Structure formats: structure tokens, C-alpha cells
Amino acid sequence: MGDNTQYKYLTKLDYPADLRQLKVKELPAVCDELRRDIIEELAMNPGHLASSLGVVELTVALHYVFNTPYDRIVWDVGHQAYGHKILTGRRDRFCTNRKLNGLKPFPHPDESEYDTFCCGHASNSVSAALGMAVAARLNKEDRKVVAVIGDGAMSGGLAFEGINNTATTPNDMLIVLNDNDMSIDHSVGGMRKYLLQLTTNSTYNRIRYRLSRKLFNWGILTEKRRKGLIRFTNSLKSVLTRQKNIFEGMDIRYFGPAEGNDVVELVRILQAIKEMKGPKLLHIHTTKGYGYAPAEEDATIWHAPGKFDPDTGERIVNHDGKPRPPKFQDVFGTTLLELAQQNPKIVGITPAMPTGCSMNIMMNAMPDRVFDVGIAEGHAVTFSGGLAKDGMMPFCNIYSSFMQRAYDNIIHDAATMRLNMVLCLDRAGLVGEDGSTHHGAFDLAFLRPIPNLTIASPLNEPELRRLMYTAQLPNKGTFVIRYPRGCGNTVDWRCELEEIPVGKGRKLKDGKGIAVLSLGPLGVEAEKAISITELKWLNAHAAQPLHIAHYDMRFLKPLDEDILHEVGQNFQQVVTVEDGVIAGGLGSAVLEFFSDHGYQVPVHRIGLPDHFVMHGTVAQLRHQCGTDAEGIAEVLDKLTNELK
């Protein structure tokens, strides 16, 4: 929480009801204070900065005009909702945002009655808000419902599905289209171009509104006649302005574009259209990072900048001067370019994440071979399938939690045809402060049952390079590579690009009695746990040293059956370690194999539990889930005692 002495208004605004006691002319000062509070908080407690700064005026205007929480505001992608949190009773706790046991990173109904829906992923606001608007109508409640969706999220198919249904389902919902030409990177696609070209005469809107109110008061504009009049005025407008408006074409009243960083103007417009019947869309222009010069100048970097000096804008980087391992995403991006330089068939596909997944490295060098398709994960997979069908080698990079939205596309548009393409799942496993909606917890479990897939996870950065090289070789089919957020452990990560036999793991350490089977980078934690356990045993039993075997499985599908037969025949206890839910992942696969082949070996599964893991640092969450070295060592220590 910022220094209260500098705030005239913010310290007195505990809830939106307090805000609504102010005069409209005081709202710009409230916005200035709210913006300053967000900047000062995020300077020390990193989070999503630029998005929330851009909608400060909209946030204030919505809570001023609408009777929240009775009226519903449904945010789309909650990284723009920090001002909303501060104004709805959470300012004193905002310093805990994204921290372990603190405020959730995105709005969630479990946290506040002002948070009307879970909104960690993009494009769901219109559908959810329509459901609420229809519920209000059916319950005969005079409840207003507002969906706030960004232009980047408008590229998602769910947004179009929701708008399509909004046009034909009786409702009085308001859609606020926050047009800032950004998601994390700049928005792309036809909708972006359409919004840039779309202009509407504000005088025309005011005249039409006044005319409709007079006709309604005179009894001429009844609910039954309303749609016919809208169609007539929309047609007249198209003739006069020579413009076609997609929203008005679907009988959704369109207003705008309006200046979205002018709180007084927003209040005026919202009050004017608030009571209108039928679906409405208010198109506003905002600037991502508005009011903070560094964020306005480079909104991509300042989307989530980490710690920084709020006065100078200097970003704080803790670095001791020692060489550090690169991020897995940067190893991916560098290797992809290296492979693409060797293989002219390689193309890159990403749904609005070129910087986030480091595909911008290849994009900068080969712009004609990289495609940012917008926030459209299902399309990204099927588009990749089309490329693969006609001989290209697509590397489609989608965050693990976002790949959940492309499940049918993976099955129907890739696996069934055994297409040669690579699905790269960035941010697999626990991702930290973004919490339950962003953890890549489920991909191993939901992909494993699909035929014709190869599913792999590298122990370290060199293994990622080798898997990428292997995946683009001829006739490898649909190849999935998952890897985590952040840095690994290998400083000297550059290696020769060599083929890894598909479905073959490797023995990292020999042993007897206990075998650890790990998949992916958590194998490093398993290595540490084995060392801890063996040292502890040695200190207590010097005459009888303990040796725990360790296997890096590399592949979830196909499993290395030679390793599993070896382990099933020669070990008394087996421990599986994976950075995903244990229900259906590596541990389940090993249990199934042992059952099918008659091995009576106990299998102890270590992975993510059967509940949504909240937010905190990756280290904190791994400790909480028992997937760090200490947690794995506790299991191994217990098993060594049983070996006695």
C-alpha cells in the first residue's frame, strides 16, 4: 500500500459505494491517485503493470456508474483488474497480491463478491456475462451486466461465439471493448485492422440516443419495434457513412470509438447508455501503460516488468555478475532459429506470445516464416496442421495451460492424421505467482491417452535442443515437447544437435533397492534428493552404503519399456517424479505397465496433488507440493527405513 499521506481520496475509498459519493469533477484526481498507488505497489511487488494502468479511468467510471456488486462487471483477462481490486476493499491487502497465501493474481469469486467470474485466460467475458444477463432476466432482476474485453482477446474464438449468441438472445448486456492494440505483444489479425479503421460519428450516436428516448417516451418505440428501428438506423448510417459495422450488423448497438482514458467522458457515455434495452457495445481507445511514461513507451516490457524504481522507471535486476543459465524459452527461441536456418521447411506459430515464448528471435530474422495468429490456440494448432499436411514443419509454441483450449484440435487436426508437427508447451508445470489458472499441471495427463502422439520432456537445456532437433526429423509424427518457465541449471547449454531415439530414456545413476524414475527438469531435484538421502544414510550406516538408482525417462509416450522391465525385475521400491498432476501422468503410466506385466513393485508417485495449486514462488509451491529436493528426500528416507 502506497504512502497514505499523499492521497486525498484513495484512503477514504474503501468500496465503490464511497466512490459514488464523489462529484464527477473529482474523479480525475481519484484516477491519478489510483494510478500512482498501482505503480508504487508493483515497483516492489512485481505483477502486471501496463494493462492495469491503461484501464484506470475505465475502472473508476464503471464502479461510479454501476451499482456494484449487485451490478456485474466481468473482466476479461484479470491482469487489467488491479485498480478494481484496490477499489473493492482490498487496498490494505494489495501488497500480498500474487504472494503465497495472499490475494489471488486474477479476480476470482472465492476472494470477493465484486469478482464476478474467474478470468485468468482470455476471451471468456462475453459468454460469462451473457449468462449472467440472461439469468437476471429470468429471475426478473434489474441487474446491469458489463463485459470488459480487450481487443487482443477479441481474436479468440470464444469471444466471437459469445458475441454471436449475444446478438440473438434477449439481454440488456453492455460490452466494453477496450481497444489498445495490445495483448502482451501488439495485437494482430483482421479484427485489429477492422478496429483501427472503424470510426463512428459521436454526434450521430447522441442524436440517435435522444431520438430513441423520445420515441420510447411517446410510446412509438416498443420493445417489439426496437430491433426493426435499429436495423433501419444502422442501414441508414451505412449509406450515409459508407461504413459497415460488424456489431451493428448483428443488431448490437454500437457506440464509439470513445476516449477511454478520459474518466469524465466515460462516465457521461456510460450514464447515457446504461438504461438502454438490448445488447450494446461501447468501443473505447486506451493506451496500455497510460500515465507512466516508461510503460507507455514500451508496453511489452512493462506488461510485467519485475521490480523497478517508480520515480525513474529504472528496472531493478539482481545480478551478482556470475554466469547464469538461460531461460528455457530463450534456448527454445535460439535453437528454433538455428534449426530453421538448416531446414527451410520449418515455420513458427504462436498465439500472441512471440516475446513470451522467444519466438521473436526467429520472427526478427525470418519474419515471413513466423506467424502470430492472435489469442487463438485452437486455430494455432489446426493452422499448423494445415501447414504440416502440405509439407511444412511447424513448431507451434503454446503455453501449457493455454493448450487446454486446443484439445480437440490436437486430436482431430493433428493426431488422427499423424501429421509431422511439433507442439512446444512452454510454462509446463508450476509457474509461480500467476497461480491456478496458469500452472501447466494437466498436459501430461490429458495428452497421454491420445494415439499417435510422442510426448517428451527434457531434463535440461541441452536435452531440449536435442529433442527439438529430433522432432523436426522426417516421419516423427506429432511430437510434443514440454518445458518449464524460467531458468534451468546448465550455464554451458550449447551442444551439438543430435538425435535422441524416440521412446528411450537413460540411466543417470546405478543402484539397488530403490529406483527413481523422473520426467523433465524435476529430475534435477530428484538428483539432489538422492544425494541428501544417501549422505544421511552414510552418516548412520557407514559400513553399508546406500545406492539409489535414477532414470531420466525423457518420454512419457512411448515409455521406455526396457527401463521399466529392468526396474520391475530388480528393485523393491519405485518412486516417480513429475511436474504435473499425478492423476494420469508418469506415475499412473508406470503403475499401468507394472500391472499389465505382473510386477508387484510398490510405486510411490510424487507430483502435483488432486486440487488446484494456488500462487507463490515456484520454490514455495514445490515445497508445498512435496516436489522439491526436500520433499522427494522425505519419501526416499521413509523407503530406506523400510528396506531395513
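**Figure 1. Burial and secondary structure in the predicted model.** Of the 644 residues in the protein, buried residues make up 58%. The model is predicted, and its secondary structure comprises 25 helices and 17 strands. Among contacts between residues at least 6 apart in sequence, 77% join residues at least 24 apart.

**Figure 2. The parallel sheet of strands β1 to β5.** The view shows an open sheet of 5 strands, ordered β1-β2-β3-β5-β4, with parallel pairing. Strands β1 (72–75) and β4 (253–259) are the edge strands, and each pairs on one side only. From one strand to the next, the twist averages 20°. Strand β4 is joined to β5 (residues 280–285) in the parallel sense over 5 bridges. Within this region, Glu259 stands opposite His285 of β5. Helix α12 (residues 263–273) packs on the sheet and touches β3 (174–179), β4 and β5. The direction of α12 makes about 175° with that of β5.

**Figure 3. The mixed sheet that ends in β7 and β15.** In this open sheet, 7 strands follow the order β7-β6-β8-β9-β11-β10-β15, and the pairing is mixed. Strands β7 (370–372) and β15 stand at the edges with a single partner strand each, so one side of each has no neighbour in the sheet. The twist averages 20° from one strand to the next. Strands β10 (residues 453–456) and β15 run antiparallel and are joined by 2 bridges. Ala456 stands opposite Phe555, a residue of β15. Helix α14 (residues 328–342) lies across β6 (346–350), β8 (393–399) and β9 (421–426). The angle between α14 and β8 is about 170°.

**Figure 4. Helix α23 and the elements around its buried residues.** Helix α23 spans residues 586–596, and its buried residues are Leu586, Gly587, Ser588, Ala589, Val590, Phe593 and Phe594. An α-helix has 3.6 residues a turn, so residues three or four places apart point the same way. The buried residues of α23 pack against strands β13 (513–518), β15 (555–557), β16 (571–581) and β17 (603–608), and against helix α22 (561–570). Gly598 follows α23 and has a positive phi, near 75°.

Figure 5. The disulfide count for the model comes to 0. A disulfide is a covalent bond between the sulfur atoms of two cysteines. For Cys118, the closest cysteine sulfur is that of Cys119, at 6.5 Å, which is too far for a bond. Cys118 counts as partly exposed, at 28% relative accessibility. Cys396 is likewise in no disulfide, and the nearest cysteine sulfur, in Cys424, is 8.0 Å away. Cys396 is buried, with a relative accessible area of 0%.

Figure 6. Tyr15 lies in the segment before α1 (16–19), and Tyr114 lies in the loop between α5 (82–90) and α6 (125–138), so the pair ties together parts that are 99 residues apart in sequence. Tyr15 counts as partly exposed, at 41% relative accessibility, whereas Tyr114 is buried, with a relative accessible area of 10%. Tyr551 and Phe571 form an edge-to-face pair, with 6.5 Å from centre to centre and 90° between the planes. This pair links distant parts of the chain, with Tyr551 in strand β14 (residues 549–552) and Phe571 in strand β16, 20 residues apart. Both Tyr551 and Phe571 are buried.

**Figure 7. An aromatic cluster and charged side chains over rings.** Tyr292, Trp302 and Phe308 are linked into a cluster by ring pairs. Arg143 lies over the face of Tyr70, at 4.4 Å from the ring centre. Lys274 lies over the face of Phe66, at 5.7 Å from the ring centre.

Key: Residues numbered from 1 in each chain as written. Predicted model: local features only at pLDDT ≥ 70, side-chain atom pairs only at ≥ 80, totals over all residues. Heavy atoms only, no water. Buried < 20%, exposed > 50% of the residue type's maximum accessible area, 1.4 Å probe, protein only. Helix = DSSP H or I, 4+ residues; strand = E, 2+ residues; numbered from the N terminus. Contact = heavy atoms within 4.5 Å. Pairing = 2+ DSSP bridges. Axes fitted to C-alpha atoms, helices over the stretch in contact; angles between N-to-C directions. Disulfide = S-S within 2.5 Å. Phe/Tyr/Trp six-rings, centres within 6.5 Å; stacked < 30°, edge-to-face > 60°. Lys NZ or Arg CZ within 6 Å of the ring centre and 35° of its normal.
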